[in-house]
Amino acid sequence: MFILPNNVTIIEVGPRDGLQNDKNYVDTQHKLAFIQALQGAGITEMELTSFVSPKWVPQMADAKEIIANTSQVGRQFVLTPNAKGVELALEAGVQSVAVFVGVSNSFNKKNINRSTDESMAALEPVIANLKAAGVFVRACISTAFYCPYEGRIDPIATLALCQRFTAFGVDELSVADTIGMANPQESYSLFHTLKQELPNILLTAHFHDTRKMAMANIFAALQAGIDRFDTSAGGLGGCPFAPGATGNVATEDVVHMLDTLGIQTGIDVKKVCEAVQVIAPHVSRPIDTGMYRLFENGI
Ligand code: HMG
Ligand code: MG
């Protein structure tokens, strides 16, 4: 039989990863309504927005307003790559910060204009200061399996980056299949290794569903002992600097699968679909996830 956890934590990334690359500029009030509806569905951990250069990612330019108008109950993250973003996040009163770095140098340069080593050197004191201030720090590891520019990533390189972040004192590692290329064998193998090598840190899996393998990869990661998953309501998502990075795996579909397996998440699928309905008219892509389609058809 399969070995499955009793409980899984879902970290909703729709308001950040889901919207950052959308062609339509989504008004702040619609983003806030989406966030509120997601919180109402039982989501307690969420990436709300990012403090990044508005020239690079215009969609996230309203980060300050998003934070000022959102309840900070649970862990409400802002994503940021550098000291400037952390400074802005702390000024805004944030208590949970997500930093991000790619294993692959080429991706990291395209995404944040620095090599992986340069980013890590700059982040080390930033993370030390955040930990000294009692802030929860999550580190997002992009291109953990494949890079759009360099191809397959050596799992040893991913492990090494995770170990460096762990030594910096982060609380959580969110390990990402940025362009949705990993298969379930690779998912199991990497997460099994990470669980063994880093037993004292929260480990989260972040799958993009580009090739429709995310659900299989989640099931494989569950077998490896992972019980935290980043998902995005409506399956929205994608990184502007990773060609081919389409939507994240959909929150409503993952929660439904976990429900049917008897795994508790504390999240109401129907209410997630209602949250999707709030944002659907404002995004450029039609939403076509399994559970949302059924919801829209009244089934
Ligand atoms: P740069 O041009 O090298 O920046 O970009 P710089 O340090 O030279 O500064 C240039 C200007 O940007 C300055 O302003 C800075 O103050 C400002 P100026 O003096 O010209 O007026 N600046 C900032 N403003 C706001 N917030 C900041 C910030 N930092 C500098 N944090 C930079 C470097 C990192 C800023 C840029 O490359 C950038 O913003 N990149 C963000 C890219 C991004 O958001 N990508 C998507 C998120 S990652 C992702 O989706 C992957 C993930 O989901 C996991 C997965 O799936 O793989 C997490
Ligand atoms: Mg992502």
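A residue is counted as near a molecule if one of its heavy atoms lies within 4 Å of it. In this predicted model, 29 residues surround ligand 1 by that criterion. Q20, S53, N113, S142 and T178 are the closest of them.

Polar contacts to ligand 1 involve both backbone and side-chain atoms of the protein. A polar backbone atom of V52 lies 3.3 Å from a nitrogen atom of the ligand. In the side chain of N113, an N or O atom is 2.8 Å from a ligand oxygen atom. For S142, the distance between an N or O atom of the side chain and an oxygen atom of ligand 1 is 2.7 Å. The ligand taken alone exposes 1,100 Å², of which the protein buries 76%.

Ligand 2 is a magnesium ion, with D17 (OD), H206 (NE2) and H208 (NE2) as its protein donors. Along the chain, the donors follow the spacing D-x188-H-x1-H. The site thus joins distant parts of the chain: D17 belongs to helix α1 (residues 14–20), whereas H208 is in the loop between β9 and α9 (214–223), 191 residues away.

The fold contains a closed barrel of 8 strands with parallel pairing, in the order β1-β2-β3-β4-β5-β8-β9-β10. On average, neighbouring strands of this sheet are turned by 25° against each other, direction ignored. Strand β1 (residues 9–12) runs parallel to strand β10 (residues 228–231), and 4 bridges join the two. Within this pairing, I10 of β1 has F229 of β10 as its bridge partner.

Helix α7 (residues 155–168) lies across β4 (96–102), β5 (136–142) and β8 (172–177), and runs at about 155° to β8. Helix α8 (residues 184–197) packs on the sheet and touches β8 and β9 (202–207). The direction of helix α8 makes about 160° with that of β9.

Terms used
Residues numbered from 1 in each chain as written. Chains lettered and ligands numbered in written order. Predicted model: local features only at pLDDT ≥ 70, side-chain atom pairs only at ≥ 80, totals over all residues. Heavy atoms only, no water. Pairing = 2+ DSSP bridges. Axes fitted to C-alpha atoms, helices over the stretch in contact; angles between N-to-C directions. Contact = heavy atoms within 4.5 Å. Polar contact = N/O pair within 3.5 Å; in protein donor to acceptor, adjacent residues only side chain to side chain. Areas by Shrake-Rupley, 256 points an atom, 1.4 Å probe, with all protein chains shown as cover. Donors = N, O, S within 2.8 Å, 3.2 Å for Na, K, Ca; no water.
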